[in-house]
Amino acid sequence: MASTAKKALITGVTGQDGAYLSEFLLAKGYEVHGIKRRTSLFNTARIDHLMEGEPGRSGQYVLHHGDMTDSSSLLRILQDVQPDEIYNLAAQSHVAVSFEEPEYTANSDALGALRLLEAIRILGLKDKTRFYQASTSELYGLVQETPQTETTPFHPRSPYGVAKLYAYWITVNYREAYGFHACNGILFNHESPLRGETFVTRKITRGLARIKAGLEDCLHLGNLDALRDWGHARDYVEMMWLMLQQDEPEDFVIATGQQHSVRDFVNAAARELGMTLTWQGEGVAEKAVDENGRTVVAVSERYFRPAEVETLLGDATKAREKLGWKPRVSFEELVREMVQADLDEAMRHG
Ligand code: NDP
Ligand code: GDR
């Protein structure tokens with residue numbers, strides 16, 4: 001019997017948000033399709049628990065090989081799946097790496113979005129398929145006003161931010177030019193135990209947990225003064241879905257409205273681990289010493305970026321009023337969950 005379940009297609013399904021969104025949509029009864037790229041080692045650790053039985057398939061959860069830089073794969077998958085909703089989460093998502101791989105970042109993050117929109121258009125799916133673009137607070141970059149809203153001007157500060165700016169506008173353009181149901185979620189930083197290990201929050205919780213477990217001596221970080229609006233990824237994927245359920249497609253800022261520095265995050269994680277840190281020195285000479293006089297955090301020039309986004313703080317009033325959305329997890333709860341998961345991991349595999 002043909003399934004009557006709604007079909008969602010997620011690009012970037014193996015990433016942090018892809019995993020939480022898969023879980024969320026499966027729980028809502030969706031038939032969920034994901035695009036994963038070929039890698040030399042398994043890259044499905046975050047979603048393995050969602051797959052049962054036949055490899056890559058559980059009846060309502062299906063993975064397809066494809067790549068954002070390969071139109072042919074995207075066209076083939078869209079033609080096969082005929083999705084009701086597409087969530088474009090795939091990206092080279094690391095800001096610092098984008099300075100080292102600017103062309104690849106533009107290809108996957110900017111042109112990748114265009115390739116999907118064109119595939120929808122060419123296959124005649126525009127009246128069936130709704131499109132969500134993973135836009136970002138990195139668009140604001142050198143901020144023009146605080147807090148940032150849907151109308152704050154953009155000034156990206158990295159090849160990643162510039163590539164995402166193209167993806168933002170091409171999504172708006174296909175909405176205006178062709179009447180697509182396409183929207184941008186301008187999401188501020190969101191984290192979880194599934195966050196990649198090289199993003200600063202996870203680097204901190206994993207690094208301090210390993211120091212606590214005696215596996216490492218010192219954590220090296222870059223700009224401790226950077227200010228971010230950090231939420232929990234599980235809260236944020238719900239909003240992606242809510243945006244696509246609206247009759248009219250619109251863009252929304254998603255943020256907690258609370259701001260903390262990288263140094264605050266380090267202190268909060270250390271507190272969770274029962275460590276007392278004392279900060280000494282300034283600039284690249286700054287370091288944190290624990291209660292036993294050991295240097296456990298040091299600043300390294302290597303982690304500074306050619307251009308920095310110093311401060312981000314979002315105002316999600318529109319999402320609150322129109323989507324009824326608000327974040328559930330506090331900063332302290334987020335830090336606690338991440339620290340606990342990394343401490344468990346360090347103890348298990350230490
Ligand atoms: P991750 O880096 O955890 O995941 C990115 C996903 O994209 C992975 O599945 C990765 O595959 C996949 N991917 C990368 N390049 C390609 C490619 N060329 N073709 C196919 N797939 C590819 O990111 P997040 O889950 O944190 O973020 C999801 C999206 O939201 C991204 O677009 C990110 O830029 C954006 N965003 C994230 C925010 C955040 O704070 N997390 C905030 C605002 C926006 P693989 O597993 O093989 O590497
Ligand atoms: P960001 O996240 O650049 O905001 O992009 P990241 O966690 O990488 O950096 C946040 C801030 O911390 C500073 N920082 C360090 N960053 C990293 N990665 N490593 C360090 O050692 C370090 N020390 C200090 C950074 O300079 C920066 O100011 C994330 C990504 O998920 C994007 O894909 C997404 O679009 C934005 O969040 C919103």
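Colleague: How many residues of the shell around ligand 2 are nonpolar, how many polar and how many charged?
Modeller: This is a predicted model, in which local features need pLDDT of at least 70, side-chain atom pairs count only at pLDDT 80 or more, and totals for chains, interfaces and linings use all residues. Residues are numbered from 1 along each chain as its sequence is written, while chains are lettered from A and ligands numbered from 1 in the order in which they are written. If Ala, Val, Leu, Ile, Met, Phe, Trp, Tyr, Cys and Pro count as nonpolar, Asp, Glu, Lys and Arg as charged, and the others, Gly among them, as polar, the shell divides into 10 nonpolar, 7 polar and 5 charged.

Colleague: Which residues come nearest to ligand 2?
Modeller: A residue is near a molecule if its C-beta atom, placed from the backbone, lies within 6 Å of it. There are 22 residues around ligand 2, and those that come nearest are Ser-93, Thr-136, Val-200, Gly-222 and Ala-226.

Colleague: Which elements give two or more residues to this shell around ligand 2?
Modeller: Helices (H or I, at least four residues) and strands (E, at least two) are DSSP runs, numbered from the N terminus. The elements in question are helix 3 (95-100) and helix 6 (200-212).

Colleague: Which residue in strand 3 is the bridge partner of His-33?
Modeller: Strand 2 and strand 3 (residues 61-65) pair in the parallel sense over 5 bridges, where pairing requires that DSSP finds at least two bridges between two strands. Within strand 3, the partner of His-33 is Val-62.
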